[in-house]
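Hello,

Here is the structure I promised to pass on. Please have a look at it first, and then read my notes below.

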Amino acid sequence: MQQSVKMVVTGPFNSGKTNFIRSVSEIDVVSTERKITSAAERVKDQTTVAMDFGRITVDDELVLYLFGTPGQKRFDFMWEILSEGMLGFVVMVDSTRPETFREAKSILETFRAYAPTPYVVAANKQDLPDAWDLDDLRIALRLDPTIKLLPCVATDKEKVKTVLLELLYAILAEMEAAT
Amino acid sequence: MPLKGNLRDFSTTNLLNLINLAKKTGTLLIEGPNQSAQMSFRNGKLIYAAMGHEDGHLATVLRKAGRLTEEQVRVLRARAPNATDKELGLLLINAGYVSQSDILNSLRHHMLEIVYRLFTWAEGMFRFEPTLMPGDDKITVPIELENVIIEGSRRMQEWAHLVEELPNLDMAFKWAERPNAANIRNMNLSADEWRVVSYISPKNSMRAMAKALGMSDMEIRKICYGLLQAGLVELVRPPGMVTRPLPQPQRPADSARPAPPPPDRKQQVSIVTKLIARIRSL
Ligand SMILES: Nc1nc2c(ncn2[C@@H]2O[C@H](COP(=O)(O)OP(=O)(O)O)[C@@H](O)[C@H]2O)c(=O)[nH]1
Ligand SMILES: [Mg+2]
């Protein structure tokens, strides 16, 4: 019996969620947009939103799914659905755009309220010259010192791996603390 | 003569036809296997509809229609916790958040979605109460039944086709091994499709998912069929066809909901350890 577990990648629009998932997912990039649209057409008039979805197969018995949340604020009702049963979540922040920090923080708090699972914050776009330093970001986002804030470049697989691993370590630590 | 019976014998189409022709006023209460619903009519026009446990407050309807954000809804709940739909509507219009036609269109859409779902109910006890009407605090929107009946019938034909395609509700799905040229990214899913997606597993039969999600047989069929057609999922027959009931989905609306119960700490640690090893090796 195959078991699947889920982690959620969230953050403001344009923070790098799609690229983050793309960097590690094993699913090829071939669009089924047209197909699924026609399948969903029967659900006429219903709001539809784009979905980021990645997969990492561990073995025959275990698969990890990465779900990216819809970027637009008006679809935030999707978040509660996505947060159901997740192992943990990553909050992506565009380190070059301080005008989005407040929204990132508010998304973080919303998810935290939906599911009190471990999470990490990824300071994305650290390759750009305008990127804020981690120390400054931590202050701007008012992050508790116990929360992991990690440098990230969503297009760089190694950086993405590190973020996911840090999240998994946090999950493991919490499990061990609970026993 | 009291208008009551079972949808098995007298369908939603039949009922709406009758209400339309007899220009009836009152409320139709329906008790289905997984959900209950009510529709109110004045002089043969639909004016109000609500689905059992679903939150039909104006703020929620406007949020789902994309007219208000979650944040705005939270602020409204905090500032005017006891406002009726009518009071809230006025407040929103005066504050310039939405227009009157935004409100009426969103409510109309919300009502029609409920009514079309009722067409999919193959069974359910119904009863017509001529004296029962929605409270004064509710906003009613009159809708002619003719078009509703035509659209409902069209959908029913589609559903007959779906039953042929997916006759057995004990079937379950798994994610396609190799999504045939499929990319699950950037696809567009409705809210209900998202809900189903998060339950896709060989352990969850369509029947179990429908129960957990408060969907009718037809609703779950329609969504699963869409995912199947898109090549995202494959049919599986669960071993022995026995299905474990799913936990009822918890609504986080009122408070932070607890995380799903960890099945077994040791098993969970082993899963996370495996994930760590796998990601390191990527
Ligand atoms: N330089 C740089 N650009 C990035 C990085 N991550 C994302 N981008 C760019 O930022 C934009 C938004 O990224 P996307 O993944 O679509 O963001 P989403 O809206 O959160 O899914 C795109 O133009 C990306 O190419 C990064 O780490 N470095
Ligand atoms: Mg994106």
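**Around the ligand**

An oxygen atom of ligand 1 sits 2.9 Å from a backbone N or O atom of A:Gly16, a polar contact in the sense of a pair of N or O atoms within 3.5 Å. Before going further: this is a predicted model, in which local features need pLDDT of at least 70 and side-chain atom pairs pLDDT 80 or more, while totals for chains, interfaces and linings use all residues. Residues are numbered from 1 along each chain as its sequence is written, chains are lettered from A and ligands numbered from 1 in the order in which they are written, and side-chain values use heavy atoms, without hydrogens and water.

Two side chains also take part. A:Thr18 places a polar side-chain atom 2.7 Å from an oxygen atom of ligand 1, and an N or O atom in the side chain of A:Asp127 is 2.9 Å from a nitrogen atom of the ligand. On its own, ligand 1 has 590 Å² of accessible area, and the protein covers 73% of that (Shrake-Rupley method, 1.4 Å probe).

Helix H1 (residues 17-24) of chain A gives the largest share of the shell around ligand 1, three residues; helices are DSSP runs of H or I with at least four residues, and strands are runs of E with at least two.

**The chain as a whole**

Chain A has six helices and six strands, in the order β-α-α-β-β-α-β-α-β-α-β-α. Of its 179 residues, 57% are buried, meaning under 20% relative accessible area with a 1.4 Å probe, protein chains only.

Best wishes

Technical notes
Polar contact = N/O pair within 3.5 Å; in protein donor to acceptor, adjacent residues only side chain to side chain. Buried < 20%, exposed > 50% of the residue type's maximum accessible area, 1.4 Å probe, protein only.
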